[in-house]
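Here's a quick tour of one protein structure. Have a look at it first, then read on.

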Amino acid sequence: QVQLVESGGGLVQPGGSLRLSCAASGSVFEANAMGWYRQAPGKERELVAFITSGSTNYGDPVKGRFTIARGNAKNTVYLQMNSLKPEDTAVYYCNALMRGFYYWGQGTQVTVSS
C-alpha cells in the first residue's frame with residue numbers, strides 16, 4: 001500500500017520561509033508526477049505546485065515565491081516556501097501519481113501569522 005508522509009509544517013511569521021517534505025513508501029515504481037495542494041478553511045483544495053520528469057507547474061498565487069523539487073531518494077518531493085503571506089495559511093497535502101492512480105498524504109498545517 002502506497003503511503004505519503006508530509007513534514008515541515010508549522011507557524012511562521014509573514015515574510016518567513018518553510019520547507020515541506022514528502023516521502024512516498026510502499027511502491028517499487030517511480031512516481032510519474034508529485035505535487036502539493038493546499039486547502040484553507042472554507043475554501044476548495046487548490047494546486048500549489050507539481051513536478052514531472054520534465055517540467056514544473058505552479059499555482060498563480062505562489063509563482064515566484066515557492067519552489068518544488070524532487071529529492072534524490074525515490075518518490076520524495078520538497079516544497080521551499082519563501083516570502084510567506086497570511087493567505088498561504090492552509091493544510092498542505094502531498095500528492096503522487098503512480099501507475100495511473102493518485103495518492104494523497106494526510107496533510108501538514110502551515111500557519112503564517114505574526
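This is a predicted model: local features need pLDDT of at least 70, side-chain atom pairs count only at pLDDT 80 or more; totals for chains, interfaces and linings use all residues.

Residues are numbered from 1 along each chain as its sequence is written, and side-chain values use heavy atoms, with hydrogens and water left out.

**The disulfide**
- Searching the whole structure turns up 1 disulfide (a pair of cysteine sulfur atoms within 2.5 Å).
- The partners are C22 and C94, with their sulfur atoms 2.0 Å apart.
- They tie together distant parts of the chain, 72 residues apart: C22 is in strand β3 (residues 18–25) and C94 in strand β9 (residues 90–98); strands are DSSP runs (E, at least two residues), numbered from the N terminus.
- C22 is buried, at 2% relative accessible area, and C94 is buried too, at 0%; buried means under 20% with a 1.4 Å probe, protein chains only.

**Asparagine N75**
- N75 sits in the loop between β7 (66–70) and β8 (76–81), and is buried, with a relative accessible area of 1%.
- A polar atom of the N75 side chain lies 2.9 Å from the backbone oxygen of F29.
- Leaving out residues up to four places away in sequence, N75 touches (heavy atoms within 4.5 Å) several residues, among them C22, F29 and M98.

**The largest pocket**
- Its lining has 13 residues, and R38, K43, E46, P61 and E87 lie nearest the centre; lining residues have an atom within 4 Å of a pocket point, and a pocket is an open set of points on a 1 Å grid over the protein atoms alone where a 1.4 Å probe fits, with protein on both sides within 12 Å along at least five of seven lines.

How values were computed:
Helices (H or I, at least four residues) and strands (E, at least two) are DSSP runs, numbered from the N terminus. Buried means under 20% relative accessible area, exposed over 50%, partly exposed in between (1.4 Å probe, protein chains only). A polar contact is a pair of N or O atoms within 3.5 Å; within protein, one must be able to donate a hydrogen and the other to accept it, and residues adjacent in sequence count only if both atoms are side-chain atoms.
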